[in-house]
Amino acid sequence: LVLGPWLFTHLPFPGPQLIVLALAVVAALTLGRWLGTLSWAVLVGMHALRLIGVWFLILGAQGVLASSFATRAGWGDIVAALGAVGLAFAGPRPRMLAYLWNSFGLLDLLVAVGTATAVVQSGAVPGVQPLTHLPLNLVPTFFVPFFIATHIAIYRRLNVV
């Protein structure tokens with residue numbers, strides 16, 4: 001975590017993105033079996049933590065976080081979180097809905113990483129600096145890789161991969 005801010009602000013493209021990808025692969029490989037043992041409600045319901053998107057919107061409105069990132073990542077996370085709450089209670093039975101939500105949730109994470117990349121490369125001010133310091137640096141270094149791993153586990157649960 002000490003190197004986190006430096007890595008994400010000084011490594012050229014695609015360095016930070018490759019770090020997030022590597023962390024996601026490590027999370028999927030090391031946590032895959034454990035994630036597979038979780039109940040549907042827990043596996044999907046933990047995505048309610050993505051309500052952090054509200055914080056992104058607030059920081060964007062305050063001019064502390066790039067508006068393009070705050071809007072895309074914020075609303076995407078909010079929709080994913082609310083969908084997760086509904087699916088956690090519905091169970092895996094609405095299979096097509098679960099597949100669509102899971103695909104949306106994974107795509108939202110990829111869009112957020114891509115948008116953060118575009119913001120950093122454009123040199124926009126404000127940028128994504130809040131994501132390089134605690135507590136928000138846990139988003140790209142822990143939560144994004146972890147949630148990617150959970151999306152893979154959900155695809156496995158749905159017998160897609």
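**Entry 1: Terms and starting point**

A helix here is a DSSP run of H or I covering at least four residues, and helices are numbered from the N terminus. With that settled, I looked up Asp 108 and found this residue in helix H6, which covers residues 95-122. I note at the outset that the model I am reading is predicted.

**Entry 2: The whole chain**

I counted the elements before going further. The protein has seven helices and zero strands. Read from the N terminus on, the order of elements is α-α-α-α-α-α-α. The radius of gyration is 16 Å, close to the 15 Å that the globule rule gives for 161 residues, so the protein is as compact as a globular protein of that length. I then looked up the extent of the C-alpha trace, which spans about 45 × 30 × 20 Å along its principal axes.

I also recorded how the residues are covered. Of the 161 residues, 45% count as buried. The accessible surface comes to about 8500 Å², and carbon and sulfur atoms hold 74% of that surface. Among contacts with a separation of 6 or more, 78% are between residues 24 or more positions apart.

**Entry 3: Asp 108**

Is Asp 108 buried or exposed? Its relative accessibility is 5%, and the cut-off for buried is under 20%, so Asp 108 counts as buried. I next listed what Asp 108 contacts, leaving aside neighbours within four places in sequence. The partners are Arg 50, Arg 72, Ala 73, Gly 76 and Asp 77.

**Entry 4: Helix H7 and its two partners**

I followed H6 to helix H7, which covers residues 138-157. The axes of H6 and H7 come within 10 Å and cross at roughly 155°. That angle makes H6 roughly antiparallel to H7. The crossing of these two helices is left-handed. From H6, the residues that meet H7 include Tyr 99, Trp 101, Leu 106, Leu 109 and Val 113. On the H7 side, the residues in this contact include Val 144, Phe 147, Ile 148 and His 151.

I then turned to helix H2, residues 15-37, whose axis comes within 7 Å of that of H7. Here the axes cross at roughly 50°. H2 and H7 are therefore oblique to each other. H2 passes H7 in a right-handed crossing. From H2, the residues that meet H7 include Val 20, Leu 23, Ala 24, Leu 31 and Trp 34. Their partners in H7 include Val 144, Phe 146, Ile 148 and Ile 152. I note that Val 144 and Ile 148 of H7 are listed in the contact with H6 and also in the contact with H2.

Which residues are joined by cis peptide bonds? Val 125 and Pro 126 are joined by one, with omega about 0°. Another runs from Leu 134 to Pro 135, with omega near 0°. I located Pro 126 in the loop between H6 and H7, and Pro 135 lies in the loop between H6 and H7 as well.

**Entry 5: Leu 51**

I looked up Leu 51 in the loop between helix H3 (40-45) and helix H4 (53-61). With neighbours within four places in sequence left aside, Leu 51 is in contact with Ile 78, Ala 81 and Leu 82. Leu 51 and Leu 82 are 31 residues apart along the chain, and their C-alpha atoms are separated by 7.9 Å.

I found Phe 56 in helix H4. At 2% relative accessibility, Phe 56 counts as buried. Not counting residues up to four places away in sequence, Phe 56 touches, among others, Leu 65, Phe 69, Ala 73, Leu 131, Leu 136 and Val 139. The C-alpha atoms of Phe 56 and Arg 72 are separated by 9.3 Å, and these residues are 16 apart along the chain.

How do H4 and H5 pack? Helix H5 covers residues 67-90, and its axis is 7 Å from that of H4, at an angle of about 155°. H4 and H5 are therefore roughly antiparallel to each other, and H4 passes H5 in a left-handed crossing. Phe 56 is one of the H4 residues that meet H5, and the others include Gly 53, Val 54 and Leu 57. The H5 residues they meet include Phe 69, Ala 70, Gly 74 and Trp 75.

Notes. Residues numbered from 1 in each chain as written. Predicted model: local features only at pLDDT ≥ 70, side-chain atom pairs only at ≥ 80, totals over all residues. Heavy atoms only, no water. Buried < 20%, exposed > 50% of the residue type's maximum accessible area, 1.4 Å probe, protein only. Contact = heavy atoms within 4.5 Å. Rg over C-alpha atoms; globule rule 2.2 N^0.38 Å. Areas by Shrake-Rupley, 256 points an atom, 1.4 Å probe, with all protein chains shown as cover. Axes fitted to C-alpha atoms, helices over the stretch in contact; angles between N-to-C directions. Parallel < 35°, antiparallel > 145°, perpendicular 65-115°, else oblique. Left-handed = near helix turned anticlockwise from the far one by under 90°.
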